[in-house]
Amino acid sequence: MTLLETIQKIVYDTVKSLHLTDSVIGTVTSASPLEISMDVSQAVLKEEVLYICDSVPPLILNDKVLMLSVQHGQKFIVLSRL
């Protein structure tokens with residue numbers, strides 16, 4: 001492996017480990033105020049950390065949604081209803 005290939009692998013592995021974004025599926029546990037759960041073992045996501053795309057229709061209880069996790073899981077963008 002050349003020096004360039006080694007550096008490229010290090011950079012790739014570092015960026016991959018940062019988990020800058022990740023898609024996740026959630027379930028609406030409350031419509032007002034909006035709360036979404038990703039897993040029973042994790043805390044419910046409150047409205048303050050959720051950003052809803054304009055194309056997403058109003059969400060109702062038990063809707064499944066596709067989300068994009070950003071800022072190391074501190075914020076979530078709701079992309080669509082599934």
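Read along the sequence, this chain follows the pattern α-β-β-β-β-β-β, and its secondary structure accordingly comes to 1 helix and 6 strands. The radius of gyration of the chain is 17 Å, well over the 12 Å that the globule rule gives for 82 residues, so the chain is more spread out than a compact globule. The model is a predicted one, and everything described here should be read with that in mind. Along its principal axes the C-alpha trace spans about 55 × 30 × 20 Å, and of the 82 residues 24% count as buried. The chain exposes about 5800 Å², of which carbon and sulfur atoms supply 61%. Among the contacts with a separation of 6 or more, 50% are accounted for by residues 24 or more positions apart.

Strand β5 (residues 64-70) pairs with β6 in the antiparallel sense, over 6 bridges, and here Leu-66 has Ser-80 in β6 as its bridge partner. The hairpin of β5 and β6 has 4 residues between the strands, and in this hairpin Gln-71 takes a positive phi near 55°.

In helix α1 (residues 3-18), Asp-13 and Lys-9 lie 4 residues apart, about one turn of the helix, and their side chains meet in a salt bridge at 2.8 Å, N to O. Because its relative accessible area is 35%, between the 20% and 50% cut-offs, Asp-13 is classed as partly exposed, and Lys-9, with 44%, is likewise partly exposed.

A further salt bridge is formed by the side chains of Lys-46 and Glu-35, at 3.0 Å, N to O. This pair links distant parts of the chain, since Lys-46 is in strand β3 and Glu-35 in strand β2, 11 residues apart. Lys-46 is partly exposed, with a relative accessible area of 40%, whereas Glu-35, at 19% relative accessibility, counts as buried.

The remaining salt bridge brings together the side chains of Asp-63 and Arg-81, at 3.2 Å, N to O. Asp-63 lies in the loop between β4 and β5 and Arg-81 in strand β6, so the pair ties together parts that are 18 residues apart in sequence. Asp-63 is buried, with a relative accessible area of 11%, while Arg-81 counts as partly exposed at 35% relative accessibility.

Strand β2 (residues 34-37) also contains Ser-37, which at 15% relative accessibility counts as buried. The side chain of Ser-37 reaches the backbone oxygen of Asp-39 at 3.5 Å, and, once neighbours within four places in sequence are left aside, Ser-37 is in contact with Gly-26, Thr-27 and Thr-29. Ala-43, by contrast, has its place in the loop between β2 and β3 (45-46) and is exposed, with a relative accessible area of 62%. The C-alpha atoms of Ala-43 and Asp-22, residues that are 21 positions apart along the chain, are separated by 17 Å.

How values were computed: Residues numbered from 1 in each chain as written. Predicted model: local features only at pLDDT ≥ 70, side-chain atom pairs only at ≥ 80, totals over all residues. Heavy atoms only, no water. Helix = DSSP H or I, 4+ residues; strand = E, 2+ residues; numbered from the N terminus. Buried < 20%, exposed > 50% of the residue type's maximum accessible area, 1.4 Å probe, protein only. Polar contact = N/O pair within 3.5 Å; in protein donor to acceptor, adjacent residues only side chain to side chain. Contact = heavy atoms within 4.5 Å. Pairing = 2+ DSSP bridges. Rg over C-alpha atoms; globule rule 2.2 N^0.38 Å. Areas by Shrake-Rupley, 256 points an atom, 1.4 Å probe, with all protein chains shown as cover. Salt bridge = Lys/Arg side-chain N within 4 Å of Asp/Glu carboxyl O.
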